[in-house]
Amino acid sequence: FGSVPALLTVVNDVTTASGKGNKLKDPELVRRLVSSPKARAAHIAELVRLTERYHFAGLEIDYENVTASVWPEFSVFVSELQAATAARGLALSVLLQPQRRYLSAPMPAGPDYVLMGYNLFGSHSGPGPKATPKFLAEQADSLRAIGLLDATALALATGGFDWTDGKAAKQLVEVEADSLIAQKKLQPNRSAIDGYQVSRYRDDAGKDHEVWHADAATFSTLWQASRAAGFSRLVLWRLGGNAPALFDWLATLKH
């Protein structure tokens, strides 16, 4: 990407060679890594070593499902990691989930923070938008209350979900949703509040489907509301399966 700095993203997933025992967003792993000064020091040293070994410009910490009891130690970890990375001239970015336990106490100054501005509806729920203007404004208010809004970028999510009978959800990237609409000859409606495209159909097994997915118009609606709420920096989550119109819209933000 030329002059764009590349960060090493680290997640708290557990994977094994056999695939057995794999865990996504494992809170126990975070507890082990940050719950004592010795554990934090060893983890920070390893993170810095990997970042420099592979010539990244910095680190992005994406640890999710951190329990409330571990959050104070995680905050100390962020502070110590910020000191270590700054001393080596490395950038640090820390992702935050849109949950009260993450947004109710001040966080260490120094890192760039990124709020996950999505998951309002998803695989954990029935049909609905990944984000709404009200939801994003609430997150902005929480960040403002702890003095973190100016240091936090907002991540908006591409794609969407196809819910079967209002329960099981299959994740779709934008081009997959567009292909489904074309294949089924659907006529999506535009959700006026949040800008998502909403499609409904019945499959060959007689099961009802409801699809919510984001496109360039969705991003325009959500980002306009987010700017009004106080966010000033946008992060796109994620690249892959995006329609050209999204990049055309992103280009307009430069002007």
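**Reading the strands, core and backbone of a predicted model**

Author: Strand β4, residues 112-116, is mostly covered, with 4 of its 5 residues buried. Keep in mind that this is a predicted model.

Reader: Which strands does β4 pair with, and in what sense?

Author: The general idea comes first. Strands of a sheet pair through backbone hydrogen bonds, either parallel or antiparallel. Here, β3 (residues 91-96) and β4 run parallel, joined by 4 bridges. Within that pairing, Val94 has Tyr113 of β4 as its bridge partner. β4 also pairs with β5 (residues 152-157), again in the parallel sense, over 4 bridges. There, Met116 has Ala155 of β5 as its bridge partner.

Reader: Through which helix does the chain cross from β4 to β5?

Author: Through α4, residues 133-145. This β-α-β crossover is right-handed.

Reader: What is the strand order in the open sheet of 5 strands?

Author: The order is β7-β6-β10-β9-β8, and the pairing is antiparallel. β7 (168-172) and β8 (189-190) stand at the edges. Each has a single partner strand, so one side of each lacks a neighbour in the sheet. Elsewhere in this sheet, β6 (residues 159-164) and β10 (residues 208-214) run antiparallel, with 6 bridges between them. Asp162 stands opposite Val211 in β10.

Reader: Which strands does helix α5 touch?

Author: Helix α5 (residues 174-184) packs on the sheet and touches β6, β7, β9 (197-202) and β10. Its direction makes about 135 degrees with that of β10. Helix α6 (residues 216-229) also packs on the sheet, touching β8, β9 and β10. The α6 direction makes about 65 degrees with that of β10.

Reader: Now the core. Which residues have the most contacts inside the largest nonpolar core?

Author: Ile61, Tyr63, Phe74 and Phe77, in a core of 50 residues. Take Phe77. Beyond its neighbours within four places in sequence, Phe77 is in contact with Val34, Arg40, His43, Ile44, Leu47, Ile61 and Tyr63.

Reader: Where is the peptide bond that is cis?

Author: Start with the background. Most residues other than glycine have a negative phi, and most peptide bonds are trans. The bond from Trp237 to Arg238 is cis, with omega near 10 degrees. Arg238 sits in the loop between β11 (234-237) and α7 (244-252).

Reader: What is the phi of Lys25, and of Asn65?

Author: Lys25 has a positive phi of about 50 degrees, although it is not a glycine. Lys25 is in the loop between β1 (7-11) and α1 (27-34). Asn65 has a positive phi near 60 degrees. Asn65 lies in the loop between β2 (58-62) and α3 (71-87).

Reader: Why does Asn65 count as partly exposed?

Author: Because its relative accessibility is 30%. Buried means under 20%, and exposed means over 50%.

Terms used. Residues numbered from 1 in each chain as written. Predicted model: local features only at pLDDT ≥ 70, side-chain atom pairs only at ≥ 80, totals over all residues. Heavy atoms only, no water. Core = buried A, V, L, I, M, F, W, Y, C linked by side-chain atoms within 4.5 Å. Buried < 20%, exposed > 50% of the residue type's maximum accessible area, 1.4 Å probe, protein only. Contact = heavy atoms within 4.5 Å. Helix = DSSP H or I, 4+ residues; strand = E, 2+ residues; numbered from the N terminus. Pairing = 2+ DSSP bridges. Right-handed = clockwise from strand over helix to strand, strands pointing away. Axes fitted to C-alpha atoms, helices over the stretch in contact; angles between N-to-C directions.
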